[in-house]
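Trainee: I have a new model open and want to learn how to read it. Where do we start?

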Amino acid sequence: MQRPDVLDREKLIVGFLLFSCAVLYVVSKRMGILKLQRTITAAIKAASINCLTSPNFDHHPNHYHHQLPMEAPTLVVQALTWLALIALFHYLATTLGRCLRRHKQKHPPGPKPWPIIGNLNLVGSVPHQSFHYLSQKYGEIMQLKFGSFPIVVVSSPEMAKEILQTHDQTFASRPALAAGKYTSYNYSDMARAPIGPHWRLAKRLYLNELLSPKRIDSYEYIRVEERRALMSCLYALSGRETVIREELTRFTLTNVSRMALGEKYFSESKSDRSSLRVKLEELKEMVDEWFLLGGVFNIGDWIPWLSFLDLQGYVKRMKALHKKFDRYYDHVIADHKAKREANKDNFVAKDMVDVVLQLADDPNLEVKLNSDGVKGLLQDPILGGTDSSAITVEWAISELLKQPQLLRKATEELDRVIGRDRWVEEADIPNLPYIGAIVKETVARTEDKGQSDSYEGDEMHEMLYDAFGIPPFVPPTDDTIGRDPRYWETPEKFLPERFFGKNIDVTGHHFELLPFGSGRRMCPGYRLGLMLIHSTLANLLHGFSWKLPDNVKPEDVEMEEEFGLNTHRKIPIVVVVEPRLSAHLYV
Ligand code: HEM
């Protein structure tokens with residue numbers, strides 16, 4: 001991508017005018033402006049005398065021309081000289097302005113914006129679908145205006161590479177949206193933090209403490225215990241209509257809570273009123289609400305002078321949600337502090353909360369961790385690790401129920417590789433290529449369709465102009481690339497086989513498939529996320545046969561999406577499961 005060039009002709013005009021001005025300035029300085037005027041006046045006078053002495057001129061003595069004092073033409077000539085100079089400067093200024101404007105207006109193509117709302121009228125309730133539609137009309141890089149802010153949407157692997165790899169430093173910060181302020185402890189979680197010392201601290205913490213390959217392996221026993229609990233629970237529900245999302249969210253929430261916080265910190269009993277702990281149902285609702293509010297188009301974000309009205313009521317909801325999460329984190333922190341106090345002399349940090357609290361006490365830390373900073377850091381794994389893994393498995397099952405022949409192929413592979421007398425272990429995953437292809441196809445089609453962050457702010461604006469001559473940008477929507485027939489055969493079809501014989505991975509190197517992003521803001525939890533998705537899906541397909549309720553045919557399964565920071569199914573899928581393995585494996 002090149003910085004757009006000003007037209008050569010205009011460069012010449014501007015150069016010529018600047019040169020003329022410089023000459024006029026130097027000459028007037030040397031001669032003095034009055035002398036210059038006198039010279040010009042003399043030249044014009046000489047011309048007029050020539051004219052007066054021409055044979056056609058009327059020489060009658062009473063002719064008023066003869067009566068004029070000599071000063072009058074001098075004044076006229078002086079006035080004309082000034083007018084000419086003013087006109088010259090005016091011309092120069094307007095031409096220069098036009099050139100600069102032309103330079104700035106070299107925007108990517110896009111629809112004409114309306115006053116105040118910009119192009120918000122073209123963005124439907126599922127924005128990535130609107131982007132996809134618009135990008136077909138305007139191309140792989142297009143400009144839209146959200147209220148007062150210009151944004152750019154890119155939708156090809158080549159453009160994605162430019163933005164996320166070549167210029168990733170320029171584009172790595174996040175916009176300051178209300179969701180980050182009210183639901184992410186004033187931009188203190190890693191996902192919303194601007195690039196800076198706090199974000200670097202978070203990255204180090206996750207990569208070294210919670211999400212390093214060694215640490216992920218050491219938590220395998222938690223994932224196995226929780227997987228067993230999930231399988232037993234589904235076994236108990238067999239033959240009944242079940243909303244699988246409920247079970248999956250409980251499963252991922254428990255896993256991530258135990259890994260990051262050390263234990264569950266929620267109560268599973270609906271009737272237990274005495275517990276200080278938040279109820280599981282309530283926590284699930286809080287997580288759902290967080291993802292919904294994180295992805296909404298809050299008018300105040302894009303038309304800031306209307307923000308105080310909170311027209312859609314989102315900010316009010318964000319503040320209410322913040323209070324609930326705050327109570328939850330206060331409880332987690334107080335419990336950890338109490339345990340540390342009780343074990344003062346030989347205390348060893350056991351989980352991420354212990355590590356974060358130790359960091360908060362460290363006076364030599366590059367950036368001081370205050371209470372918001374601590375809670376922001378606890379939030380990333382709870383929210384980042386829960387919803388995305390659960391909804392990916394739900395989408396995969398929905399796609400398989402729509403095409404039962406794919407479900408058959410997956411169970412054939414499981415029977416062949418694993419057999420019917422044991423569960424699938426994490427070490428088996430590389431030997432299950434068909435399940436792997438299903439996971440890739442699912443994340444390619446469904447992950448983070450909602451990623452529509454844009455970048456703003458004067459500094460960012462300048463950087464964007466420096467880098468590209470373009471205004472703020474929206475990261476490439478996987479959905480747009482994922483549906484482009486130039487990169488995918490029959491993109492509208494769920495087709496795991498498309499990955500066979502192709503070395504396309506999902507870890508940010510192949511820009512036609514970016515479910516976890518790429519570059520420095522790439523998801524730090526991708527290993528854990530993939531591990532959870534692979535092993536959960538493989539065991540669900542291995543342990544149960546899957547059916548739709550009697551009155552629903554595969555072709556009737558709705559695949560409508562609900563927009564949010566993650567894209568959920570609009571209507572959770574209802575399934576009926578029956579065990580496939582011996583009964584003793586489910587206890
Ligand atoms: C299926 C599972 C997951 C998917 C699909 C997913 C996807 C993503 C995506 C697309 C991003 C944004 C990348 C970008 O802007 O370029 C992201 C960021 C992030 N994810 Fe994940 N994620 C998953 C699991 C996890 C897990 C398990 C954790 C932690 C335990 C996690 C923590 C984070 C954090 C902290 C960020 C913010 C990174 C930053 O802004 O620098 N994610 N994730």
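Mentor: Start with burial. A residue is buried if 20 or more other C-beta atoms lie within 10 Å of its own, exposed if 12 or fewer, and partly exposed in between, with C-beta atoms placed from the backbone. This is a predicted model: local features need pLDDT of at least 70, side-chain atom pairs count only at pLDDT 80 or more, and totals for chains, interfaces and linings use all residues. Residues are numbered from 1 along each chain as its sequence is written.

Trainee: Which residues of H12 are buried?

Mentor: Helices (H or I, at least four residues) and strands (E, at least two) are DSSP runs, numbered from the N terminus. In H12, the buried residues are Leu283, Lys284, Trp290, Phe291, Leu292, Leu293, Gly294 and Gly295. They pack against several elements, including helix H11 (244-261), helix H14 (314-342) and H16. Contact here means C-beta atoms, placed from the backbone, within 7 Å.

Trainee: What span does H12 reach?

Mentor: The expected span is 1.5 Å times one less than the number of residues. H12 (residues 280-295) has 16 residues and reaches 23 Å from first C-alpha to last, close to the 22 Å expected.

Trainee: Now sheets. What is the strand order in the open sheet?

Mentor: Strands of a sheet pair through backbone hydrogen bonds, either parallel or antiparallel. Two strands count as paired if DSSP finds at least two bridges between them. Here, 3 strands form an open sheet in the order S3-S9-S6, with antiparallel pairing. S3 and S6 stand at the edges with a single partner strand each, so one side of each has no neighbour in the sheet. On average, neighbouring strands are turned by 45° against each other, direction ignored. The axes behind such angles are lines fitted to C-alpha atoms, for helices over the stretch in contact; angles run from 0 to 180 degrees between N-to-C directions.

Trainee: How many bridges join S6 to S9?

Mentor: There are 4, between S6 (residues 544-547) and S9. S3 (residues 241-243) and S9 (residues 574-579) pair over 3 bridges. Look at valine 576 in S9: it is the bridge partner of glutamate 241 and of lysine 547.

Trainee: Which helix gives the most to the shell around the ligand?

Mentor: A residue is near a molecule if its C-beta atom, placed from the backbone, lies within 6 Å of it. H16 gives the most, with 7 residues. Of the 25 residues around the ligand, Gly384, Gly517, Cys523, Gly525 and Gly529 come nearest.

Terms used. Contact = placed C-beta atoms within 7 Å.
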